[in-house]
Amino acid sequence: MTDHTAKPAETGTFPRIWFSRIAQTTEVHVRLDFVSPNRDVQARLACLSLYQRWEAWSNDCAPTRLFFKEKGGKIPASCKDAFTIFDGLIVISRKFRDVLAGFELGRTRLIELPVYQSDGETPADIAPHYILNVTETKPCFVPEESENVRRYIVPGETEPRPGAPWKSVYSRDRPAVRASAAEGVDLWGEPVLRQRLFFSDRLKQAIDAAGITRKGLDLTAAKVVA
(Lines give C-alpha, C1' and ligand atoms only; values in the text may rest on other atoms or scores of the structure.)
Protein backbone atom coordinates (compact mmCIF):
# COMPACT_ATOMS: atom_id res chain seq x y z
CA MET A 1 0.00 0.00 0.00
CA THR A 2 1.29 3.44 -0.92
CA ASP A 3 2.45 5.57 1.99
CA HIS A 4 0.68 8.92 1.77
CA THR A 5 1.81 10.29 5.13
CA ALA A 6 3.35 13.72 5.13
CA LYS A 7 7.12 13.86 4.82
CA PRO A 8 9.23 16.52 6.56
CA ALA A 9 10.15 19.41 4.30
CA GLU A 10 13.78 19.78 3.28
CA THR A 11 15.75 22.38 5.16
CA GLY A 12 14.75 25.86 3.99
CA THR A 13 11.80 24.67 1.90
CA PHE A 14 8.09 24.24 2.42
CA PRO A 15 5.79 21.50 1.15
CA ARG A 16 3.67 22.42 -1.85
CA ILE A 17 -0.05 22.94 -1.28
CA TRP A 18 -2.59 23.47 -4.04
CA PHE A 19 -6.01 25.08 -4.21
CA SER A 20 -9.00 24.94 -6.54
CA ARG A 21 -11.58 27.57 -7.47
CA ILE A 22 -14.13 24.99 -8.64
CA ALA A 23 -16.68 26.05 -6.00
CA GLN A 24 -16.81 29.54 -7.52
CA THR A 25 -16.19 29.25 -11.26
CA THR A 26 -19.14 29.12 -13.65
CA GLU A 27 -17.09 27.57 -16.46
CA VAL A 28 -17.75 24.00 -15.35
CA HIS A 29 -21.40 24.20 -14.38
CA VAL A 30 -23.51 21.29 -15.68
CA ARG A 31 -27.30 21.59 -15.74
CA LEU A 32 -27.98 18.80 -13.30
CA ASP A 33 -30.26 19.03 -10.30
CA PHE A 34 -30.75 16.60 -7.44
CA VAL A 35 -33.52 14.89 -5.53
CA SER A 36 -33.25 14.70 -1.75
CA PRO A 37 -35.53 13.21 0.93
CA ASN A 38 -36.62 16.63 2.15
CA ARG A 39 -38.34 18.70 -0.56
CA ASP A 40 -38.98 21.75 1.62
CA VAL A 41 -37.37 24.88 0.13
CA GLN A 42 -36.16 26.27 3.45
CA ALA A 43 -34.71 22.91 4.42
CA ARG A 44 -32.86 22.76 1.11
CA LEU A 45 -31.39 26.22 1.72
CA ALA A 46 -30.29 25.14 5.20
CA CYS A 47 -28.57 22.08 3.70
CA LEU A 48 -26.82 24.28 1.15
CA SER A 49 -25.56 26.53 3.95
CA LEU A 50 -24.10 23.51 5.73
CA TYR A 51 -22.36 22.45 2.53
CA GLN A 52 -20.82 25.88 1.99
CA ARG A 53 -19.54 25.93 5.58
CA TRP A 54 -17.80 22.56 5.13
CA GLU A 55 -20.22 20.82 7.47
CA ALA A 56 -21.58 17.29 7.19
CA TRP A 57 -25.03 16.59 5.83
CA SER A 58 -27.64 14.69 7.75
CA ASN A 59 -29.61 11.96 5.99
CA ASP A 60 -32.37 14.52 5.31
CA CYS A 61 -29.91 16.62 3.34
CA ALA A 62 -28.05 13.98 1.35
CA PRO A 63 -29.34 13.74 -2.26
CA THR A 64 -30.56 10.41 -3.59
CA ARG A 65 -30.25 10.97 -7.35
CA LEU A 66 -29.17 13.44 -10.03
CA PHE A 67 -31.21 14.41 -13.08
CA PHE A 68 -30.63 16.66 -16.07
CA LYS A 69 -32.52 19.94 -16.14
CA GLU A 70 -33.13 19.70 -19.87
CA LYS A 71 -33.88 16.96 -22.38
CA GLY A 72 -30.78 15.43 -23.95
CA GLY A 73 -28.49 16.88 -21.29
CA LYS A 74 -24.88 15.75 -21.24
CA ILE A 75 -21.74 16.15 -19.16
CA PRO A 76 -19.12 17.93 -21.32
CA ALA A 77 -15.93 15.94 -21.89
CA SER A 78 -13.91 19.03 -20.93
CA CYS A 79 -15.05 18.78 -17.29
CA LYS A 80 -16.16 15.16 -17.07
CA ASP A 81 -14.24 14.40 -13.87
CA ALA A 82 -15.18 17.44 -11.76
CA PHE A 83 -17.92 20.02 -12.16
CA THR A 84 -20.60 21.91 -10.27
CA ILE A 85 -24.37 21.51 -10.48
CA PHE A 86 -27.46 23.35 -9.26
CA ASP A 87 -26.87 25.13 -5.92
CA GLY A 88 -23.10 24.94 -6.45
CA LEU A 89 -22.57 21.35 -5.31
CA ILE A 90 -19.34 19.72 -6.49
CA VAL A 91 -19.75 16.46 -8.41
CA ILE A 92 -16.95 14.11 -9.43
CA SER A 93 -16.62 11.05 -11.65
CA ARG A 94 -15.99 7.48 -10.57
CA LYS A 95 -12.45 7.81 -11.91
CA PHE A 96 -11.77 10.76 -9.63
CA ARG A 97 -13.46 8.95 -6.74
CA ASP A 98 -11.08 6.04 -7.21
CA VAL A 99 -8.10 8.39 -6.89
CA LEU A 100 -9.46 10.01 -3.74
CA ALA A 101 -10.19 6.60 -2.21
CA GLY A 102 -6.44 6.00 -1.91
CA PHE A 103 -5.90 9.05 0.27
CA GLU A 104 -6.76 10.28 3.74
CA LEU A 105 -10.09 12.11 3.55
CA GLY A 106 -11.12 11.98 7.19
CA ARG A 107 -14.85 12.70 7.58
CA THR A 108 -15.31 13.99 4.03
CA ARG A 109 -18.02 12.01 2.22
CA LEU A 110 -18.32 10.86 -1.38
CA ILE A 111 -22.05 10.34 -1.92
CA GLU A 112 -22.78 8.01 -4.83
CA LEU A 113 -25.75 9.03 -6.95
CA PRO A 114 -27.36 7.54 -10.06
CA VAL A 115 -27.95 9.92 -12.97
CA TYR A 116 -31.37 10.24 -14.62
CA GLN A 117 -32.75 11.92 -17.70
CA SER A 118 -34.77 15.14 -17.47
CA ASP A 119 -37.99 13.30 -16.55
CA GLY A 120 -36.31 12.26 -13.30
CA GLU A 121 -37.41 8.64 -13.78
CA THR A 122 -35.50 7.27 -16.78
CA PRO A 123 -31.88 6.27 -16.04
CA ALA A 124 -29.35 8.14 -18.17
CA ASP A 125 -26.64 6.20 -19.97
CA ILE A 126 -24.08 7.56 -17.54
CA ALA A 127 -22.25 5.87 -14.70
CA PRO A 128 -23.10 6.99 -11.16
CA HIS A 129 -21.35 10.14 -10.01
CA TYR A 130 -20.43 11.40 -6.54
CA ILE A 131 -21.23 14.56 -4.65
CA LEU A 132 -18.14 15.72 -2.80
CA ASN A 133 -19.26 16.72 0.71
CA VAL A 134 -16.06 18.17 2.15
CA THR A 135 -16.22 18.29 5.94
CA GLU A 136 -12.55 18.41 6.89
CA THR A 137 -11.08 21.83 7.60
CA LYS A 138 -7.72 23.17 8.70
CA PRO A 139 -7.28 26.67 10.19
CA CYS A 140 -4.29 27.39 7.95
CA PHE A 141 -5.25 30.58 6.07
CA VAL A 142 -2.95 33.62 6.45
CA PRO A 143 -4.86 36.61 5.04
CA GLU A 144 -2.09 39.16 5.54
CA GLU A 145 0.20 37.09 3.27
CA SER A 146 -2.50 36.40 0.68
CA GLU A 147 -3.19 38.18 -2.60
CA ASN A 148 -6.58 39.55 -3.66
CA VAL A 149 -8.70 38.50 -0.69
CA ARG A 150 -11.12 40.53 1.41
CA ARG A 151 -13.62 40.10 4.21
CA TYR A 152 -17.14 39.20 3.16
CA ILE A 153 -19.59 42.12 3.35
CA VAL A 154 -23.29 41.39 3.74
CA PRO A 155 -25.23 42.79 0.76
CA GLY A 156 -26.56 46.27 1.57
CA GLU A 157 -23.85 46.95 4.15
CA THR A 158 -20.59 48.84 3.68
CA GLU A 159 -18.26 47.19 6.19
CA PRO A 160 -17.58 43.58 7.13
CA ARG A 161 -19.09 42.38 10.36
CA PRO A 162 -16.80 41.26 13.22
CA GLY A 163 -15.47 37.79 12.49
CA ALA A 164 -16.75 37.85 8.89
CA PRO A 165 -15.29 35.12 6.67
CA TRP A 166 -12.81 35.93 3.93
CA LYS A 167 -13.63 35.92 0.25
CA SER A 168 -11.29 35.62 -2.69
CA VAL A 169 -11.44 37.94 -5.67
CA TYR A 170 -12.55 35.67 -8.48
CA SER A 171 -9.68 34.09 -10.48
CA ARG A 172 -7.03 36.54 -9.29
CA ASP A 173 -6.49 35.37 -5.73
CA ARG A 174 -3.58 33.48 -4.27
CA PRO A 175 -4.31 32.40 -0.70
CA ALA A 176 -1.42 31.92 1.70
CA VAL A 177 -1.47 28.92 4.05
CA ARG A 178 0.69 27.57 6.83
CA ALA A 179 3.17 24.84 5.90
CA SER A 180 1.75 22.71 8.72
CA ALA A 181 -1.42 22.27 6.65
CA ALA A 182 0.41 19.65 4.58
CA GLU A 183 0.03 17.27 7.52
CA GLY A 184 -3.11 15.21 8.00
CA VAL A 185 -5.94 14.84 5.50
CA ASP A 186 -5.19 15.41 1.82
CA LEU A 187 -8.29 17.43 0.90
CA TRP A 188 -9.82 20.17 3.03
CA GLY A 189 -11.56 23.50 3.29
CA GLU A 190 -10.61 26.49 5.42
CA PRO A 191 -13.02 27.57 8.18
CA VAL A 192 -12.79 31.31 7.40
CA LEU A 193 -12.18 31.26 3.63
CA ARG A 194 -15.09 30.65 1.28
CA GLN A 195 -15.18 28.70 -1.98
CA ARG A 196 -11.64 27.34 -2.00
CA LEU A 197 -10.59 23.70 -1.74
CA PHE A 198 -7.06 22.73 -0.75
CA PHE A 199 -5.10 19.68 -1.90
CA SER A 200 -1.89 18.13 -0.63
CA ASP A 201 0.94 17.84 -3.12
CA ARG A 202 0.82 14.04 -2.97
CA LEU A 203 -2.86 14.09 -3.94
CA LYS A 204 -2.22 16.59 -6.73
CA GLN A 205 0.50 14.35 -8.15
CA ALA A 206 -1.88 11.37 -8.10
CA ILE A 207 -4.57 13.41 -9.88
CA ASP A 208 -2.09 14.30 -12.62
CA ALA A 209 -0.83 10.73 -12.92
CA ALA A 210 -4.38 9.38 -13.28
CA GLY A 211 -5.16 11.77 -16.13
CA ILE A 212 -8.05 13.44 -14.32
CA THR A 213 -9.55 16.21 -16.46
CA ARG A 214 -7.98 19.40 -15.18
CA LYS A 215 -10.63 21.91 -16.28
CA GLY A 216 -12.73 22.79 -13.32
CA LEU A 217 -10.17 21.76 -10.75
CA ASP A 218 -7.56 24.10 -12.21
CA LEU A 219 -5.18 23.33 -9.36
CA THR A 220 -3.02 26.33 -8.55
CA ALA A 221 -0.10 26.58 -6.14
CA ALA A 222 -0.97 28.34 -2.90
CA LYS A 223 1.57 30.54 -1.16
CA VAL A 224 3.05 28.52 1.69
CA VAL A 225 4.48 30.27 4.76
CA ALA A 226 5.93 29.17 8.08
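In which loop does Arg-214 lie? Arg-214 belongs to the loop between α3 (201–209) and β14 (220–221), where helices (H or I, at least four residues) and strands (E, at least two) are DSSP runs numbered from the N terminus. The structure is a predicted model, in which local features need pLDDT of at least 70 and side-chain atom pairs count only at pLDDT 80 or more, while totals for chains, interfaces and linings use all residues. Residues are numbered from 1 along each chain as its sequence is written, and side-chain values use heavy atoms, with hydrogens and water left out.

- At 33% relative accessibility, Arg-214 counts as partly exposed, a class that lies between buried (under 20% relative accessible area) and exposed (over 50%), computed with a 1.4 Å probe on protein chains only.
- Not counting residues up to four places away in sequence, Arg-214 touches Lys-204, Asp-208 and Leu-219, where contact means heavy atoms within 4.5 Å.
- Arg-214 and Asn-148 are 66 residues apart along the chain, and 23 Å separates their C-alpha atoms.
- Pro-37 sits in the loop between β2 (32–35) and α1, and it counts as partly exposed because its relative accessibility is 49%.
- With neighbours within four places in sequence left aside, Pro-37 is in contact with Asn-59, Asp-60, Ala-62 and Thr-64; of the pair Pro-37 and Asp-60, the C-alpha atoms are 5.6 Å apart in space and the residues 23 apart in sequence.

**Sheets and strand pairing**

- An open sheet is formed by four strands in the order β4-β5-β8-β6, with antiparallel pairing, two strands being paired if DSSP finds at least two bridges between them.
- The edge strands of this sheet are β4 (82–84) and β6 (109–113), each of which pairs on one side only, and neighbouring strands are turned by 35° against each other on average, direction ignored; here axes are lines fitted to C-alpha atoms, for helices over the stretch in contact, and angles run from 0 to 180 degrees between N-to-C directions.
- Strand β5 (residues 90–92) runs antiparallel to β4 and is joined to it by three bridges, with Phe-83 standing opposite Val-91 in β5.
- Strand β3 (residues 65–68) and β7 run parallel and are joined by two bridges, and the bridge partner of Leu-66 in β7 is Val-115.

**The β12–β13 hairpin**

- β12 and β13 form a hairpin with two residues between them, and they pair in the antiparallel sense over three bridges.
- Leu-187 has Phe-199 in β13 as its bridge partner.

**The largest pocket**

- The largest pocket holds about 450 Å³ of space, a volume being the space filled by probe spheres set on grid points that are joined across faces, edges and corners.
- On a 1 Å grid over the protein atoms alone, a pocket is an open set of points where a 1.4 Å probe fits, with protein on both sides within 12 Å along at least five of seven lines, and lining residues have an atom within 4 Å of a point.
- Its lining comprises 18 residues, of which Tyr-51, Gln-52, Arg-53, Arg-194 and Gln-195 lie nearest the centre of the pocket, and the elements giving two or more residues to this lining are α1 (41–52) and β13 (193–200).
- By residue class, the lining divides into nine nonpolar, four polar and five charged residues, where Ala, Val, Leu, Ile, Met, Phe, Trp, Tyr, Cys and Pro count as nonpolar, Asp, Glu, Lys and Arg as charged, and the others, Gly among them, as polar.
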